[in-house]
Structure formats: C-alpha cells, structure tokens
Amino acid sequence: MTTDHQMYTLNINGAERPVKDSWIGESLLYVLRERLDLPGSKGACEQGECGSCTVLLDGDAVCSCLVMAATAVDSTITTVEGLLADTVIGDTARVISDVQAAFVTEGAVQCGFCTPGLIVAVHHLLEHNPSPSDIEVKEAISGNICRCTGYGRIFAAVNAVIETRKKSK
Amino acid sequence: MTVTVATNLADALAALRATPDARLLQGGTDTMVEINFNHFKPEHIVALRKVQELRNFSIQEEKGLIFIGSGVPYQTLENDPFLTLLPALAQASRTVGSPQIRAAGSLGGNLGTCSPAGDGLPVLSALDATVHLQSVDASRDVLIHDFMVGVKKNARKPDEIITGVTVPILRGFQGYSKVGVRNAMVISVASACLAVDTSRSQIRLALGAVGPTIIRCRESEQWLATQVDIANSNFSNEIAKEFGRRAALEARPIDDHRSTAEYRKHAISVLAERLLLKANS
C-alpha cells in the first residue's frame, strides 16, 4: 500500500525513476510531465479521447492520462522519449527514430500537439505488424486525434517507414 | 489517500475487506476521468490490473460455456476465440473507444461502472450471462439481469470483487450494432444486441443507452416467437419492421448531452429491424 507523499518508483524508458512527495491519485501523464521532466507526452483531453498522451505500459499502447501513476509500479513504461531503439537517425545529440524522421520528411506535423502520441501508436503498430494494410493503419491510429493535417501526410509517413524498413531487411 | 496494487485475488480481497469504501480500479478508463476532472476524490484505491486471476478466460466446451475473467481487456475479446464463439461480444468490444481504451478497458469495468451505455452490457444481457462475485469468505453468482439495478448501480456489495462472467455459447446468428456520432472513439447514443438461440427457438434483444440500465425486450421477443418459426429463421421485411417498432416501444430513453429521447427511439427501431434481417443470412 502506498499513501500520500510516500515515495514510489516507476520504471520509465529503462530507468528507475522515484516519484517523491506527490498526491497519490495523480495520473501517469501528470507525473511524467510535471514531476519527472518528461514533457513529450501531451495532455489535451485528459479523458482518453485524443491519444496525445499515449505511452507503452507493459507493451500496450494506452492513454497515460487514464493510468493512475502509483498503480504503475512494477510495470514497464515507455514514453515517446524512449522510442529510439529501432533505427536511430542523426547525431547523438539529437537522435530521432525512423518514425519521427518520416513524420518530419513527409510533413506529417503541423501544430505538433498530437505528434508524440501518434509516434508511439505507430511504433507500437509496426512492432506488432510490420506490413499493415491501409485500414489497419487507420484503425491503429483511430485513437489519436489530429485537428490539422487531415491525416493524409501521417499515412504517407507511416507508409514511408514501412517501405524503408522492408528495404533495410 | 491510499493505493494498493494487488498482484493476486486474495490480496485484492483482503485489501478491500480492510477498506470497504475503496474504489476498485481495473483499466482506469472511467475512474481516472472522474479524478482528472475533480468529480471524484478517492480515499482508497485497490488496483486490479496486476491480478492475473482476473485476466484469464476458459472455454468449457462440454457445457457450452465460456468463463471470461473481469480483467480480460477488450483487445483480447475482439479477436478469436471470441470472434467465433461469441461474435456479438467481439463486435461490441471492437466498438469500444480506441485501441488505447481497448487495451485498458474490460467487462469488469463495464459491469462495475454499470453505465447504460457500456458496450459489453447489452451483449451480456442478450446472452443471459452470469456474473461471479467474490469476497474474502464467500462467493456468489448473479444473473446479469439481477446484477444491473439502475443508472451506474449494480448488485455488488462493498467487499466483493467481480471476478468474471460466464457466457453461454449459442447456435445461431448474433450481432451488436450501435449508433454514435462517428466511427471511432464513440460512446453509444443507442445500441442493440440480437442473439438467436436455435436450440431453444429463442431470439433475444437487449438495448443499451436507452434506459436507466440495459433493457431486455421480452415483449418484442415473445411477439416474434408467435409470428415465425425461429429455428428456420426467415424474417420478412414486414416482420422486421414491426419487430423494430415494438423494440422502440420497450426503450425508455431520455434527452441528454449525447442525443434526444425521440432520436434514440428511432435509432432502436432501425437497429432492431436491421439486426433481425441480418439474422436471415
């Protein structure tokens, strides 16, 4: 049992991160952004509708606003900051993953608020399904709302990653 | 405030006995919204996501039953073996929220919250599911119709955990349809589950989001049984239309922020009619 202000530890992006002196009911999104200096996950709706706060929790893509942080002890959490494993592009000071690079080159980013959640959702999709159909891509990102792009360039970015990964094998 | 992360059912039950006013947290998709918007400030939380016993399911083929643990996420329920054995449940599961919500949400959460718009609930009603409840020293089974008692009210006692449901495997068509404002990420404005049970010559219809809790359309079901031979299910357009009209009469919707009572009644008449015609093929 954990009580208010009692420290608990979360495993985030491979590191043990202590959470100190917090209200114990805080969402994982709040703890990531406000207590652990991981502002990549964005907070927009705080009710699971927009997907901007998507993280991987024990391998599942979930909305971090709907996870009570203190219940995520003994779980593995990966945020957008931790998604560099597949293909690292760029120098070490500013590394981005192949999915992030494709979003940049295909112009899939406009205001950028939905982008981190989409990046996590796309990584999760391609990890489990390396050659998804168009409808599978649409379904996989149906929980990530983008108000700017109309999604066309997002689909182009996903397809670019699929093609690049196929060629590199 | 305290948070207990239970890793097995015995620990979860003991924690709940110690703090019977605790909120049980499964996927968090309902409770965390309440907390984020300051509508609810919990004193005690017993988190169930790590309780493996609640995430199991088992097929009892000789009895024609499936046990589904209360924590099995919708992303499991939308695929096989559920897609084949309980197609209406798989269809309903697939309409829940988004992939992110379906990775977290479960039937246990649907039953615990007991919102009339819960997508799993019309299916459990149409299939005559049994809900299993357990406390530290007792367990009991409650028929789904007795479990759901009102708007966000159920028959669970404060020291009980919903461990799962047992759902009969039926022979015959079954389907789930819902109306919402768009295709993805939508809470039902009106929903309906139709299940044909050829071995008992029954057709069952349950409605969601059009009453204080899920509504079984017993009168429409009985009327239909007097009109046609259900075992040979061949329903004319006229029969289907009348079935829809009667189902809408059994709905008891209200006007709220999602829709109007009038539209919901119309939606039910269309959903019930279409589901019955689908049963022909």
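Author: Let us begin with one residue of this predicted model. B:C114 is buried, because 22 other C-beta atoms lie within 10 Å and the cut-off for a buried residue is 20 or more.

Reader: Where does B:C114 lie? And what is its phi?

Author: In general, most residues other than glycine have a negative phi, and most peptide bonds are trans. B:C114 has a positive phi of about 55°, although it is not a glycine. It belongs to the loop between α7 (107-113) and α8 (120-126) of chain B.

Reader: What is the phi of A:Y151? Is that residue buried or partly exposed?

Author: The phi of A:Y151 is near 75°, again a positive value in a residue other than glycine. A:Y151 counts as partly exposed because it has 17 C-beta neighbours inside 10 Å. Its place is the loop of chain A between α4 (134-140) and α5 (152-167).

Reader: Which peptide bond is cis?

Author: The bond from B:D80 to B:P81 is cis, with omega near 5°. B:P81 sits in the loop that runs between α3 (74-77) and α4 (82-85) of chain B.

Reader: How should I read a sheet, and in what order do the strands β11 to β14 of chain B stand?

Author: Strands of a sheet pair through backbone hydrogen bonds, either parallel or antiparallel. Here four strands of chain B form an open sheet in the order β11-β12-β13-β14, with antiparallel pairing. Its edge strands, β11 (174-179) and β14 (215-216) of chain B, each pair on one side only. Between β11(B) and strand β12 (residues 190-197) of chain B there are six bridges. In this pair, B:K178 stands opposite B:S191 of β12(B).

Reader: Which helices lie across these strands?

Author: Helix α12 (residues 261-278) of chain B lies across β11, β12 and β13 of chain B, at about 25° to β12(B). Helix α10 (residues 218-227) of chain B lies across β13 (202-208) and β14 of chain B, and runs at about 155° to β13(B).

Reader: How is a nonpolar core to be read, and which residues of the largest one touch the most other members?

Author: In soluble globular proteins, nonpolar side chains tend to be buried together. The largest nonpolar core here has 135 residues, and those that touch the most other members are B:V46, B:C193, B:L194, B:L207 and B:I268. The most residues given to this core by one helix, seven, come from helix α3 (residues 115-128) of chain A. Beyond its neighbours within four places in sequence, B:L207 has contacts that include B:P122, B:A192, B:I214, B:A247 and B:I268.

Reader: How many residues does each chain give to the contact between chains A and B?

Author: Chain A gives 28 residues and chain B gives 26 residues. On the side of chain A that touches chain B, β1 (2-3) and β5 (60-63) of chain A are the elements that give two or more residues. The largest share, four residues, comes from β5(A). By type, this side of chain A divides into twelve nonpolar, eleven polar and five charged residues.

Reader: In which sense do β1(A) and strand β1 of chain B pair?

Author: β1(A) pairs with strand β1 (residues 2-5) of chain B in the antiparallel sense, over two bridges. The bridge partner of A:T2 in β1(B) is B:V3.

Reader: Finally, what does UniProt list for residues 1-172 of chain B?

Author: The UniProt record, an unreviewed entry, lists "domain: FAD-binding PCMH-type" for those residues. Over residues 1-172, chain B is 33% helix and 25% strand, and the end C-alpha atoms are 49 Å apart.

Terms used. Residues are numbered from 1 along each chain as its sequence is written. Chains are lettered from A and ligands numbered from 1 in the order in which they are written. This is a predicted model: local features need pLDDT of at least 70, side-chain atom pairs count only at pLDDT 80 or more; totals for chains, interfaces and linings use all residues. A nonpolar core is a set of buried Ala, Val, Leu, Ile, Met, Phe, Trp, Tyr and Cys residues joined through C-beta atoms within 7 Å. A residue is buried if 20 or more other C-beta atoms lie within 10 Å of its own, exposed if 12 or fewer, and partly exposed in between; C-beta atoms are placed from the backbone. Two residues are in contact if their C-beta atoms, placed from the backbone, lie within 7 Å. Ala, Val, Leu, Ile, Met, Phe, Trp, Tyr, Cys and Pro count as nonpolar, Asp, Glu, Lys and Arg as charged, and the others, Gly among them, as polar. Two strands pair if DSSP finds at least two bridges between them. UniProt positions are given in the numbering used here, feature names are shortened, and annotations may be inferred rather than shown by experiment. Axes are lines fitted to C-alpha atoms, for helices over the stretch in contact, and angles run from 0 to 180 degrees between N-to-C directions.
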